[in-house]
Amino acid sequence: MSRLAICPGSFDPVTYGHLDIIQRGARIFDNVIVAVFNNQSKAPLFSVEERIELLQETTKDLPNVSVDSSDGLLIDYAKEVKANAILRGLRAVSDFEYEMQITSMNRKLDEEIETFFMMTNNQYSFLSSSIVKEVAKYKADVSDIVPEPVQKALIKKFRRN
């Protein structure tokens, strides 16, 4: 049986913290689907299509990683693609409480799909997409926290605004 994991998130934009989790997950699972979900409580900078393109570009060297999107419930998407795992990254203790709630609800909805938590590399533990957008907006150098295609896309977005 193939081990398929979903690595869900808004990825607005993808950071080296996200890529750390994706790359390490790709070593553990046979296949990983990076699934872009549109969080209705956030105002995204990038469209879903742009986020998919950036993820495809930054994961192109990972043959067992694909990129997709969904606007429904994560657990429904996981069932649809026949995933047996959800892969989530944790940065700090503050992430744990939120993730625990989501995991508990997912488990209630489907006991067969397991959630795996992976601690982000310490060098990225402070990193969030919100922080990246904030510093990029003020033209700070983000080259050490996001891949080059993302850096270029951020520069282009904020030049327009």
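**Ground rules.** I worked on a predicted model, where local features need pLDDT of at least 70, side-chain atom pairs count only at pLDDT 80 or more, and totals for chains, interfaces and linings use all residues. Residues are numbered from 1 along each chain as its sequence is written, and side-chain values use heavy atoms, with hydrogens and water left out.

**Helix 1.** I took helices (H or I, at least four residues) and strands (E, at least two) as DSSP runs, numbered from the N terminus. Helix 1 covers residues 16-28, which is 13 residues. I read 18 Å from its first C-alpha to its last, close to the 18 Å expected at 1.5 Å a residue. That expected span is 1.5 Å times one less than the number of residues. Next I looked up burial: buried is under 20% relative accessible area, exposed over 50%, partly exposed in between (1.4 Å probe, protein chains only). The buried residues of helix 1 are Gly17, Leu19, Asp20, Ile21, Ile22, Gly25 and Ala26. They pack against strand 1 (4-9), strand 2, helix 2 (48-58), strand 3, strand 4 (85-90) and strand 5.

**Aromatic pairs.** Rings of Phe, Tyr and Trp (its six-membered ring) pair if their centres lie within 6.5 Å; planes under 30 degrees apart are stacked, over 60 edge-to-face, the rest tilted. I got four pairs by this rule. Phe37 and Tyr77 are edge-to-face, at 6.0 Å centre to centre and 90 degrees between the planes. This pair links distant parts of the chain: Phe37 sits in strand 2 (residues 31-37) and Tyr77 in helix 3, 40 residues apart. Both Phe37 and Tyr77 are buried.

Phe96 and Phe117 are tilted, at 6.4 Å and 55 degrees. Phe96 lies in helix 4 (residues 93-109) and Phe117 in strand 5 (residues 114-119), so the pair ties together parts 21 residues apart in sequence. Phe96 is partly exposed at 39% relative accessibility. Phe117 is partly exposed at 32%.

**Glu99.** I found Glu99 in helix 4. Glu99 is buried, with a relative accessible area of 5%. Contact means heavy atoms within 4.5 Å. Leaving aside neighbours within four places in sequence, Glu99 touches Arg88, Leu90 and Phe117.

**Surface patch.** Leu73, Met105 and Leu109 make a nonpolar surface patch of about 270 Å². Patch residues have over 30% relative accessible area and no salt bridge, with nonpolar side chains (Val, Leu, Ile, Met, Phe, Trp, Tyr) joined within 5 Å and like charges within 9 Å. A salt bridge is a side-chain nitrogen of Lys or Arg within 4 Å of a carboxyl oxygen of Asp or Glu. I placed Leu73 in the loop between strand 3 (65-70) and helix 3 (74-80).

Methods: Areas by Shrake-Rupley, 256 points an atom, 1.4 Å probe, with all protein chains shown as cover.
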